[in-house]
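I opened this model to look up its helices and its surface, and I keep my notes below in the order in which I made them.

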Amino acid sequence: MADPRQQQQQQQIQPTEAMKSLLPQKGPSKSQVLAVVTLFPVGGALLCLAGLTLTGTLIGLAVATPLLLLFSPVLVPAVLTIALAVTGFLTSGAFGITALSSLSWIINYLRSIRGPGREQLEHAKRRVQDTAGTMGQRTRETGHT
């Protein structure tokens, strides 16, 4: 029968062996080591630049805040006016495009009418033309008398 200490040592060895099986059998390649050695300083430099940018932004905000508070009676209405003007132009353009697309749809719909609907449309056109001609004649008659 095995000694309890040996069993305990075997149990301790087994988890480490299981962990070793999860790790790669060989070390990193030269290109991987070179990439890490190259990218660590670059990452550090970029992190320092990010910190400097944040610091500069905070200092600029601390300096600009009193100026913004002093000039806010002028700046706020100016910003609102510009925002409303831009919104108006964009809305006007959107309405114009909507109107053009609606007219285009109506024209295409009227052109596609076939059969009895087409005859009714032609009849309505003739009546409008006749009415316009009649009104023109009456206007000329009234103007001559």
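**Notebook: helix α2 and the surface**

I began with Val 42, which I found in helix α2 (helices are DSSP runs of H or I of at least four residues, strands runs of E of at least two, numbered from the N terminus). The model is predicted, so I note that local features need pLDDT of at least 70, side-chain atom pairs count only at pLDDT 80 or more, and totals for chains, interfaces and linings use all residues. Residues are numbered from 1 along each chain as its sequence is written, and side-chain values use heavy atoms, with hydrogens and water left out.

I then looked up the whole fold and found three helices and zero strands, in the order α-α-α.

For helix α2, residues 30-112, I read 83 residues with end C-alpha atoms only 73 Å apart, against the 123 Å that a straight helix would reach at 1.5 Å a residue (the expected span is 1.5 Å times one less than the number of residues). Looking for a bend, I found one of about 75° at Ser 72, with Pro 73 following within four residues; the bend is the angle between axes fitted to the seven residues ending there and the seven starting there.

I also checked exposure, and noted that buried residues (under 20% relative accessible area, with exposed over 50% and partly exposed in between, 1.4 Å probe, protein chains only) make up 1% of the 145 residues. Val 42 is partly exposed, at a relative accessible area of 41%.
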